[in-house]
Amino acid sequence: MIAVAAAAGVLSLAAPPVAAQTTIARSARTADGKPNLNGIWQVLTEANWDLQGHAAAAGPIIQLGAIGAMPPGLGVVEGEEIPYKPEAVAKRKANFADRLKLDPEVKCYLPGVPRATYMPFPFQIVQTPQFILISYEYASAARTIYMKDPGPAPVDSWMGQSVGHWDGDTLVVDVTGFNDQSWFDRAGDYHSDALHVVERYTPHGPDSLMYEATIEDKNVFTKPWKISMPVYRRLEKNVQLMEFKCVEFVEELMYGEYRKKVAK
Amino acid sequence: MATRLWIVIVIGAACLSAQSPKTAKFVPSRTAFGQPDLQGVWTNATLTPLERPAALASKAFFTPAEAGAFEKQAQESNNRDRRGTDATSDLAGAYNQAWFDRGTKVVSTLRTSLIVDPDDGKIPYTADGRKRLSAAADFARAHPADGPEDLALADRCLLWATAGPPMLPGPYNSNYQIFQTPEYVAILVEMIHDVRIIPLDGRPHLASGMREWLGDSRGHWEGNTLVVETTNFTYKSHFRGATENMRLIERFTRTDADTLTYDFTVEDPATFLKPWSASIPMTKSPGPIYEYACHEGNYAIPGILGGARAQEAAAKGGK
């Protein structure tokens, strides 16, 4: 008996406390009574290829074959069409034509909002009463949602400044302070630094959220427009965000021309 | 009676080994779900170096007057003309005190190094560890800028010492924001928008074949201290020459209203003779954390590599 107790004592030093190994029940609400959005989430759409409905098509790199082809998508834009100003349509077309060179995703640049949400990577919400952190697997992108308005964004940025509030059980996030560098998708849909995004995250059962984003940019669009899609909880055992530090994967593409030529 | 005396001795020893009795008394507030509250924006900026400078070999602590002199000298040194003879050293020397944000103070403990163990304040390298470090330095001298992989991880916007882990003060933006939920502690590192998400549910580490720049962290609470164990590093992170088998233990403890004491211990028998430890008092910062889009604005890599190619072409041309 003493030997057993001693062995248990040794084990308890080496292993984490037993209580910590039990699964923590997932509560629908946080300690402050708000909907509990904590978790690892991911969308299941082809929106990152093109927000608008599209048939399947060959990709821009012949060698990738079916791997690089564009899967079809029903589209996530309310009313089907993005209301571009006539002069902005040409830039969108030029973006698409030169997407291998111009799409910020090709260069592992920060994805901006709302594109971060529907990149084909999971993201994790870490929810506290004053701040809600969203950590995105893609490019280690991150943003903090301030639940108390800190005033105008001090500087323009890729991910913008996010200010949140609760509208019933919906988290509403007002995002401003963007630069003009990010795109909405691989199809060349773009914006200026006048972009203003209002996101709505609404619980839809224990393992899904409904996501909406209203996009406004007087320099590029004739009126505000809206996208919506469900977001699903990643339910794998011990699921965690992994690193996708893609900077390393684009160095040859971006800097290969400056590499020292090895003498033959 | 004998038992009670024994308990007093044990508790006393525990206090001494953990922290000074004065700071041990601080009782942190708790989150709504009952954890010690570590949340907020913190900075570990300090003029105190990780290792004790050679000139202070026998001195573990400054007197206040010595600390003042060291602080003045460190700031003046940052402002001297440090122009280099090649692109890489020129870039490294292009910053002065207007750019640097290491603070203006040494750590409040007045230690002369962040390392608290071993006593000499130096990383206790094995012969093999030193050999690998000097081989890497030799290679870097022979190949300063053949391609992007020859440049420092920070210059490549892959990993800054501020993120580590362990998280060490960098030249600027040594800022962190901590978020807590019942299941996770998250640390947003300003450089370079890295996020460390630490599960508290006792899950196992990733399989040993899965390696990450920031390693794989697991946390648990020991009293008021958050203890984080990190393994599964990639060999590419090579913290101070360590191998991918490095194991890191970090301890986060609120020690007064404005201080989060960050202690860490590094183990890697292939590189270090014994585990070594450092302690950094992180102080409250008003924030906010800014977006540091490092890679997106990286003009240094084409500048350094392009400069090296231009120099080679000029040399070849018999200039």
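**Exercise 1.** Which residue in strand 5 of chain A is the bridge partner of A:Ile145?

*Solution.* Keep in mind that this model is predicted. Start with the two strands: strand 4 (residues 142-146) and strand 5 (residues 161-167) of chain A run parallel and are joined by two bridges. Now look across from A:Ile145, and you find its bridge partner, A:Ser162.

**Exercise 2.** Find out how strand 5 of chain A pairs with strand 6 of chain A, and look at the turn between them.

*Solution.* First, the direction: strand 5 and strand 6 (residues 170-176) of chain A are antiparallel, with seven bridges. Next, pick a pair: A:Thr170 in strand 6 stands opposite A:Asp167. Finally, the turn: the two strands form a hairpin with two residues between them, and A:Gly168 there has a positive phi of about 65 degrees.

**Exercise 3.** How many residues of chain A are in contact with chain B?

*Solution.* On the chain A side there are 38 residues, in contact with 42 residues of chain B. Among the elements that each supply at least two residues to this side of chain A are strand 2 (123-127) and helix 6 (247-255). Helix 6 gives the most, with four residues. Sorted by class, this side has 20 nonpolar, eleven polar and seven charged residues.

Key. Residues are numbered from 1 along each chain as its sequence is written. Chains are lettered from A and ligands numbered from 1 in the order in which they are written. This is a predicted model: local features need pLDDT of at least 70, side-chain atom pairs count only at pLDDT 80 or more; totals for chains, interfaces and linings use all residues. Two strands pair if DSSP finds at least two bridges between them. Two residues are in contact if their C-beta atoms, placed from the backbone, lie within 7 Å. Ala, Val, Leu, Ile, Met, Phe, Trp, Tyr, Cys and Pro count as nonpolar, Asp, Glu, Lys and Arg as charged, and the others, Gly among them, as polar.
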